[in-house]
Amino acid sequence: MKVETISIKNIKVQQNHILKNILHLASTPNQNTAQYQQLTDTLNKIVATIEQICDNLQITPANLTNSSRKIYSWFKFLTEEQNLKLHLISTYRVQQITQQILSQVGQDVVEVMIEFTNLAGLYQGKRSSKVAYLKINEGFINASEEVLQALVRCMLLGKTSASTRLIREFASSEEYSSVLLDLDLIADVIAENPQGNFYNLNDLFDELNHEYFAANLVKPRLTWSQIKTYRKFGHYEPARDRVVMSTSLDHVNVPKFVAEFVLYHELLHKYHGTKWVNGKRMVHTTQFRTDERQFKLYAEADRWLKKLASHQS
């Protein structure tokens, strides 16, 4: 029996309200603690309400209409502290960059409206005599100053080859795809089963834990997902302590060491955690990359993943 998709009433109104609060909170480099807590409480309340509605209807958020599901996923994404923190920092940075660029080209300083959100494309921008309205894909919340400047220039002044190249390069990076995958997985229905058709993630974990972590790593939740990831085959979610692996690896034609390598990479994220440097989230530190290359068949696994990615894209 097919479950009908459900739309959440006034969810877009709630999102616009949250975006206004974020813009106000991000207007200064140091956020007001009380306002920050109020925003966090509001996000948690909205998410809990949507999940209760779904529960009452005996559905999951995956059964929401596309627009409701994307907004719900965005709300849920921001209930994780490090995501909200990065979102606010990036909103503030884009505000500052926009004012600087307008000043440099001799244009009047206008009201700047900025939205980092779960957008279908990379960015949208429009400008009137009084307001600069910039909408940016959530995937850019960990972008460098140079990439954010390129985004603002494209939206305010028009595209250039240099700016477009910078934007596209970042949109092809793991930092960008990691955020998009996180947003996708939030509403994905996952029966958390480590047993795939060919590989059991519990077995792979036990072998990796013994060989590379001296059997000291506490096992996270392990599951396969149907999400088509193209460039990214696994994802570690710190807030849920969960590794999600793409089923494209659970195939008779994919060697075991390839699935092991992806799982090993995600376990390194759990092992090393997240480092913050100058307001930027660093997940692939020098030590992370050094440890990653300790995998016994690193070069072969890397070649396999590149081949799989080229066949999927």
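1. In this predicted model, strand β5 pairs with strand β6 (residues 242-246) in the antiparallel sense, and four bridges join the two. Within that pairing, G234 is found opposite M245 of β6. These strands belong to an open sheet of three strands, which is ordered β4-β6-β5 and has mixed pairing. At its edges stand β4 (221-225) and β5 (234-237), each of which pairs on one side only. On average, and with direction ignored, neighbouring strands of this sheet are turned by 20° against each other.

2. The β4-β6-β5 sheet also carries a helix: α7 (residues 174-186) packs on it and touches β4, β5 and β6, while the direction of α7 makes about 75° with that of β5.

3. A further open sheet is formed by three strands in the order β1-β3-β2, again with mixed pairing. Here β1 (111-117) and β2 (123-127) take the edge positions, and each has a single partner strand, so one side of each is left without a neighbour in the sheet. β1 and strand β3 (residues 131-137) run parallel and are joined by seven bridges, and E115 stands opposite K135 in β3.

4. At the level of the whole chain, the division is into domain 1, covering 11-169, and domain 2, covering 190-311. The C-alpha centres of domain 1 and domain 2 are 29 Å apart.

5. Turning to helix packing, helix α1 (residues 11-25) and helix α3 (residues 66-78) pack at an angle of about 35°, and their axes are 10 Å apart. The crossing of α1 and α3 is left-handed. On the α1 side the contact is made by I11, K12, Q14, Q15, I18, L19 and I22, and on the α3 side by S68, I71, Y72, W74, F75 and L78. Sorted by class, the residues of the contact of α1 with α3 comprise nine nonpolar, three polar and one charged.

6. α1 also packs with helix α2 (residues 33-56), at an angle of about 165° and with the axes 11 Å apart. Because angles over 145 degrees count as roughly antiparallel, α1 is described as roughly antiparallel to α2. The crossing in which α1 passes α2 is left-handed. From α1, the residues I11, Q14, I18, N21, I22, H24 and L25 meet Q35, Y36, L39, T42, L43, I46 and I50 of α2. The contact of α1 with α2 has nine nonpolar and five polar residues, and no charged residues.

7. Helix α5 (residues 145-157) and helix α6 (residues 161-171) have axes that come within 9 Å of each other and cross at roughly 125°, and the two helices are therefore oblique to each other. The crossing of α5 and α6 is left-handed. Contributing to the contact are E146, V147, A150, L151, R153 and C154 from α5, together with S163, T164, L166, I167 and F170 from α6. By class, the contact of α5 with α6 holds seven nonpolar, two polar and two charged residues.

Conventions: Residues numbered from 1 in each chain as written. Predicted model: local features only at pLDDT ≥ 70, side-chain atom pairs only at ≥ 80, totals over all residues. Heavy atoms only, no water. Axes fitted to C-alpha atoms, helices over the stretch in contact; angles between N-to-C directions. Parallel < 35°, antiparallel > 145°, perpendicular 65-115°, else oblique. Left-handed = near helix turned anticlockwise from the far one by under 90°. Contact = heavy atoms within 4.5 Å. Nonpolar A, V, L, I, M, F, W, Y, C, P; charged D, E, K, R; others polar. Pairing = 2+ DSSP bridges. Domains from an automatic or database assignment.
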